[in-house]
Every structure is written in structure tokens, then in C-alpha cells.
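Please report on the local geometry and the ligand site of this model.

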Amino acid sequence: MTGSTLFSKLPKLLHGGDYNPEQWLDRPDILEEDIRLMKEAGVNVVTLGVFSWSVIEPVEGEFHFTWLHDIMDRLYENGIYTVLSTPSGARPAWLDEKYPSALRTSRKRIQNLHGQRHNHCITSPDYRRLVRAVDERLAEQFGAHPGLILWHLSNELGGECACELCQEKFREFLRRKYHNHIEELNQQWWTTFWSHRYNDFSQIEGPAAHGEKSIHGLNLDWKRFTTENTIDFLRSEARVFREKTPEIPITTNFMHLYPALDYNKLSKEIDIVSWDSYPRYGNPDRSLYDISAENAFDHVIMRSFKKDRPFMMMESVPSLVNWHEFNKAKRPGEHRVTALQAIACGSDTVQYFQWRKSRGSYEQFHGAVIDHLGRNDTRVFRDVAEVGALLETLSEVSGSTVRSKAALLFDWDNWWAIEDAAAFSDKTKKYPQTCLNMFKLFLQNGVDVDVISSEEPLDGYEVVVAPMLYLIKPQVADHLKKFVSGGGQLIGTYITGYVNENTLCYLGGFPGGGLTELFGLYTEEIDTLYPKEKNGVQFVSDAPVSGTFSARDYCEIVKIQDASVLATYTDDFYSGTPAVTVHPYGQGNAYYVAARMEEDGMNALLKQILADAGIACRPLPGGVEYHRRQKADTAYDFYINYTTQQQEISVESGVDLVSGRPVGGTETIEPLGVMVCRVQL
Ligand code: GAL
């Protein structure tokens, strides 16, 4: 799919968002005005139907689609395409009244009352049957509509249910996983400790604060089960559309780095990855660049799920949200750079929640393109229209993808396992933050990096960074060895390879699973420092990096087998012992950074390793972000200036599509400016 646009019907960048006209069916004047204003704002796509169940099916078995037909037709006649959502994200009252098994149960085993959204028992056969019934009708009614480009299943799937149906399904999951052999489970969960042995699968309950929560294997398997059950639900929705409308692709919208579901696994079930981006812009303690770097991490995780095609930023907001601690308005110029960041990172869409503010209820003060004022001469409307026009100008970028030679491993299983480990310090483990910090180094150096799960094949990468890979599955150790022996440069860190896939410690030395051989060392102890403590990491005289850098939080004491020492600790009883090492393995090198070394030290090491691997860093002024998208032999170099000053950047010869000017060499990028340089490769 590399190089082709997401939708043949709409081969350009998409601009639009969630449109909930069912709130305004008694105001035809507003519906009319909406279409007029959408065209003015350069909107070419809307998402209909999210949370529309109680209007589509106000009583069981009675379906009302005329309003949806009318609106979809009118949109299409006006050049606006539709992403059509299934309504399963929130249930009508009649459903919960008649079928209480659809209500979610908490870990305390208390069943919810009707209300809110995302609160279903996704195992409930009643809920699934009723979802299928409405989905089938949607597919039949709208599958052939010329304006339909994508099915959007549910909305931000999330959470878990602990009802008896789910408990029994969890037990089935365990029976399958442990070959119906309770002793295998007892062994992998190490239940002899504290006398937690089970005699039968029927005795097992999912984790609960007032029950069992001390078995790491149980906690981890429960999370895996929740992901598997969510996938099972997603498939049950997808099946309807795959059968009835195989030509229409499917998505479900993800949230940010959401801890409760392994998005990597979910992404395999859908055709296009989409997600909803709501960074906390405007925090006076942080720069816009820094807040945006975090958002770039999320964007890149999403784009890395399917590297051969663009992703979609399904939701964002042109002004403020209503659910942050402080809901600050975007400053002038901010919307443009933040919207363009999504495109730079590989999205082919800028979409909003929502088009028009709801008059009442929970999101009545959430930002939207059209405010309660109902006018098009607002700052927000103008900002949106400006982005619409810019996306039109940048049309040719659609379908291009980011191609990286470097990868950062980020893994949900590992995240869950580290988080749950009764070890280290809950205050400083910070696994996602540590990965984000590594990501930011790539960003500062102007090097595109994919963020992928540890199970992904590593073919095509030159440099792989694997921070804190505490949980190592056997095939992952094999991948890493194959990567390095084939010529790759791998950076591993402290807290790597402590446990197997079920959280049993590796015997005979960490990093286990065969990785002591790869890194040429083993860890004897780990020292968890108090926040005010630090150690020093001093590079040896013939190391490719020079200097002494501080280390915080974690210092492992390692024993060398046949690695070379690049740096040693400066303090404490392990002063002089190895802190950074390298081990040539096959054609490549396995680096081990045994301590949480401060940013400057990690950056110096990373830059050296990138240079050795032939990956060029792109010098950038502080506050400027860079990404390259590519299509055949054309590159689109995005430069985004998050600062309020002009910045000098060095660009390759080409044309800036934003200004239409030929560019090359040193160029000035305006405050909160963007440049998109088309470069022939
Ligand atoms: C998203 C959700 C939307 C809307 C939005 C508000 O998480 O999908 O329906 O609630 O948040 O920011």
C-alpha cells in the first residue's frame, strides 16, 4: 500500500471531524448552515453516527435511518464524504433496562447502573446480539452509499468488566493458554509461594483489591485477556462489515498511550489506524515544543502500527477541551502548527471533535469548530478554515509515509509487567516516560524513528533502542540476536531481561532469555537511588564518547563476560565498575547502558551510534521539529517552528509547498511557522 492514498474516492488530505446532527434534527436551518460553513472551512469528511444508538433505534427493533440518509446524501452532494460509525460506544436506556447483562461490573464485583458510555460488558451475548443487529442494518442501508469511505467501529474501546461471564471467559483463556493443565499455571504463576496454589481453573478469579492481586502472572494474564476479549468484540463487529461491504475499510479510534489495552494487537484487526489527540497545550511550565514532542511520540506509535500507510488523526480540537485540569484556549497560530504536526508524523487527516458545540449535556463547553455563537467570523473558525486551505495546498503529500532506519521498542506487556513488579521504585520506574525521553533524543537530532513492539521483526533497521525491556519473550531474544548478528546496533539498558513472558525470573543471570550472551555481561545487583541521589558515569579515554554524566534512579552492577567497557561509575561501593559497555556480536554491536544516564550522556552515545550506522542527524534549532514523508522518489520535509521567534534552518534544495517558494541552504522559518519542502531524491 506504500505510496497510495487511504481512500481512492478522496485522494487528498482529509479535513473535518465528528458531526452529530441528530442533536439538531428539529433545526433544519442549523443543518443547512452547517453544510455551508463546512464548505467554507475546507471540510471534506465528517464522522457520523458515533453514539447515535438511541436515535437510530429508539426502541428495540425499530430502526430510524431516514435522517441519516438525508444528511449523508446532502453532505455527499456538497463534496463531503462520510466516515460512518457504529453506535456501540454508548447504549440506549431500553437496552440496559431489558438486558442488564450488558452493564459493566467493576473489580469490586459491583454492577454499574445505566449511564455514561464505554461501560459495557463486552462479553454479554445480549449486548453483542443487539450490536450485531444494528450493525447489519447500517451495512445494508449505507454500505453502497457513494459518500461512504470508512467504517468506524464503536468509539475509543476501553476498560474491563469483571462480571461472572467475563470471569468464566478468563478461565477459558487460561485453560487454553496453559493447555488445560493447572500445574502448568501453578508453575508459571509461582503459586506455591504464600500457599496460592490452585487445584482447578474454576477457583481462579481475576485480580481485585479485595481479593487476589499479588500474583504477577495472574495480573498480567488478566490484562492480556482483557485485550483478547476486546479484540474478540471488535472482530464480532468487524465481521458484519467484512462480509457485507468488503471494499470499505475499517477503523476503530484509539486514545493516547492508553495503558489498559495492547493497541499493538488491536491494530492488527483494522485496516487503518486512527487516534484522538488531546495534548495539554498552554501549560506555562512547559514549552509548546515539549508538549508537542509528547504528542509526536503518540503520533509515531500510531503510525508505526502500519508503516506502509498513513494513519488518521480522528479527533483533535481547534481550541480548548473541557476535561483537562485547566482548559486553556489555543493561542493564535498554535492550531496551525499542531494540526500540521499530525501530517508531518504521517497522518493523512486533521479531524476534530466536534463540528458544532452541543447545546447541553457533558460536552457543551468542549471546543468545536462552530461555537454557540453560531458565527463564522470567530478566531477559531478562521484558524480551522486556514488549516483547511493549507491541507488543500498540501494535497500531494497524501499517501506518503515515513521510512525510518531506527526503531525504539515500546511494549504493552512489558509496561504492565514493570508497573506490577513489586521492585525498584514505583515513583521512578517510569517506563513510558523513559521511552519518551529516548524518543525526544531522536526528535532533537532530526532522525525519524519508528516506535514498535518488541515482537516486531527488525528487518530494515540499522539502530534499535530497547529501554528497560524487563520482560523478554524467547522469540524476542532471538529477534534481537538476529538483528545484531546481521549488522545492527542495539542499545539495551538497566532492567532488561529480568523475567520471562509470565514474569518468572530468569535464572543464571539477567538479561536472561539468552541475552547475557548477546550483551556479553550479566547483572549482579541493581541499586535503586533515592530521588536526591546521583552517581556519575565516566567514559574511558578510548571510548567514542568523552565526559562524565550523572546517573539517577537506577544503577546496575554488572559483571563482564566478554563485553568492552566504555564507561564506569564514579561513586559509591561500585565506583570503577562498568556502567556502559559494548559487545561486538556477529556483524553488529550490542551496547548496554547499565544506569539511567542523564540526557546529555545518552544523546552523545546515541549520536555516535547513529553516525556509525550511517544515519545522518539533521541539526535543528531548539523548538523546531522535523519529519520526512516519502512517496516514490519524492520526499516531503516538514519543519515546524514551535517558538515565537524566527529560526534558521538548513534545508535541501526543493520547493516549500506552503509558500510556493524554491528553497535550499539556510532558510528562515517564521515564528509558529511551518515549511513543507518537496525534495527530489
Ligand atoms: C474523545 C471522545 C469524543 C469526545 C472527546 C472530547 O475521547 O472520543 O467522543 O468525548 O473525547 O475530548
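Helix α3 buries W67, L68, I71, M72 and L75. Buried here means under 20% relative accessible area, exposed means over 50%, and partly exposed lies in between (1.4 Å probe, protein chains only). An α-helix has 3.6 residues a turn, so residues three or four places apart point the same way. The face of α3 turned away from the buried side carries the exposed residues T66 and E77.

The length of α3 also checks out. The helix runs over residues 66-77, which is 12 residues, and should span 16 Å at 1.5 Å a residue; its end C-alpha atoms are 16 Å apart, so the two agree. The expected span is 1.5 Å times one less than the number of residues. Helices (H or I, at least four residues) and strands (E, at least two) are DSSP runs, numbered from the N terminus.

The model is predicted: local features need pLDDT of at least 70, side-chain atom pairs count only at pLDDT 80 or more, and totals for chains, interfaces and linings use all residues. Residues are numbered from 1 along each chain as its sequence is written, and side-chain values use heavy atoms, with hydrogens and water left out.

**Ligand site**

Which residues surround the ligand? The shell consists of F51, R117, N155, E156, D276, Y278, E315, W323, F353, E363 and H366. By class, the shell holds four nonpolar, two polar and five charged residues. Ala, Val, Leu, Ile, Met, Phe, Trp, Tyr, Cys and Pro count as nonpolar, Asp, Glu, Lys and Arg as charged, and the others, Gly among them, as polar.

| Side chain | Distance to a ligand oxygen atom |
|---|---|
| E315 | 2.8 Å |
| E363 | 2.5 Å |
| H366 | 2.6 Å |

Taken alone, the ligand exposes 310 Å², and the protein buries 95% of that. Accessible areas come from the Shrake-Rupley method with a 1.4 Å probe; for residues, only the protein chains shown count as cover.

**Backbone exceptions**

F353, a member of the ligand shell, is joined to Q354 by a cis peptide bond with omega near -15°. Q354 sits in the loop between β9 (347-352) and α12 (379-393). Another cis peptide bond links F510 and P511, with omega about -5°. P511 belongs to the loop between β13 (489-493) and α16 (515-519).

Positive phi angles come next. Q116 is not a glycine, yet its phi is positive at about 55°. Its loop connects α4 (93-98) and α5 (125-142). Is Q116 buried or exposed? Q116 is exposed, because its relative accessible area is 76%. S195, also a residue other than glycine, has a positive phi near 60°. S195 lies between α7 (182-189) and α8 (216-244), in a loop. At 67% relative accessible area, S195 is exposed.

**Buried positions**

E456 is in the loop between β11 (449-452) and β12 (463-466). With a relative accessible area of 15%, E456 is buried. Its side chain makes a polar contact of 3.2 Å with that of K307.

T252 occupies the loop between β5 (250-251) and β6 (253-254). Its relative accessibility is 1%, so T252 counts as buried.

Y81 belongs to strand β3 (residues 81-85). Y81 is buried, at 14% relative accessible area. Y81 and H145 stand 64 residues apart in sequence, with their C-alpha atoms 9.9 Å apart.

V582 is part of strand β18 (residues 578-585). V582 is buried too, at 11%. From V582 to V464 the separation is 118 residues in sequence and 14 Å between C-alpha atoms.

Definitions and conventions. Near = heavy atom within 4 Å. Polar contact = N/O pair within 3.5 Å; in protein donor to acceptor, adjacent residues only side chain to side chain.
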